Amino acid sequence: MAGRTVRVGGLPADLPPDRVADKLTIHFLRSRNGGGEIADVQVLAGSQACALITFEALEVAQRILKAKNHVLSIGGKKYPLEVTAHGAELSPDEVARSRQLLP
């Protein structure tokens with residue numbers, strides 16, 4: 001998974017995580033957005049919701065990171081996304097949030 005996962009911030013916190021995951025999948029599958037095949041999408045809910053998206057190919061993740069102005073449209077609203085490489089350690093808040101999501 002090294003290098004194939006990106007972190008996406010700027011997500012709407014008021015929508016169910018599964019709906020956000022579906023919308024992210026559609027957005028990042030589209031070639032016009034630099035996307036491609038996705039292996040996994042994890043939405044970490046909370047006041048600063050974010051998602052970890054793992055692509056099948058490293059090249060796709062690199063294209064996504066180079067593309068500017070990712071905007072997610074949901075229900076007529078537009079959410080500018082902050083896409084960064086995932087590889088840095090999670091902050092203590094993010095670790096706590098992800099543990100809350102585990103069964």
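Confidence in this predicted model averages a pLDDT of 83 over the protein chain. At least 70 is reached by 81% of the residues. Where pLDDT is low, predicted coordinates should not be read in detail.

Next, the core. The largest nonpolar core holds 22 residues. Val8, Leu11, Leu24, Phe28 and Phe55 have the most contacts inside it. Two or more residues come from each of β1, α1, β2, β3, α2 and β4. The largest share, four residues, is from α1. In soluble globular proteins, nonpolar side chains tend to be buried together.

| Element giving two or more residues to the core | Residues |
|---|---|
| β1 | 5-9 |
| α1 | 17-29 |
| β2 | 38-44 |
| β3 | 50-55 |
| α2 | 58-66 |
| β4 | 71-74 |

Not counting residues up to four places away in sequence, Phe28 touches Val8, Gly35, Gly36, Ile38, Ile53, Phe55, Ile64, His70, Leu81 and Val83.

His70 sits in the loop between α2 and β4. Is His70 buried or exposed? His70 is buried, because its relative accessible area is 6%, against a cut-off of under 20%. A polar atom of the His70 side chain lies 3.2 Å from the backbone oxygen of Ile64. Leaving aside neighbours within four places in sequence, His70 contacts His27, Phe28, Asn33, Ile64, Tyr79, Pro80, Leu81 and Val83.

Key: Residues numbered from 1 in each chain as written. Predicted model: local features only at pLDDT ≥ 70, side-chain atom pairs only at ≥ 80, totals over all residues. Heavy atoms only, no water. Core = buried A, V, L, I, M, F, W, Y, C linked by side-chain atoms within 4.5 Å. Buried < 20%, exposed > 50% of the residue type's maximum accessible area, 1.4 Å probe, protein only. Contact = heavy atoms within 4.5 Å. pLDDT = per-residue confidence, 0-100. Polar contact = N/O pair within 3.5 Å; in protein donor to acceptor, adjacent residues only side chain to side chain.
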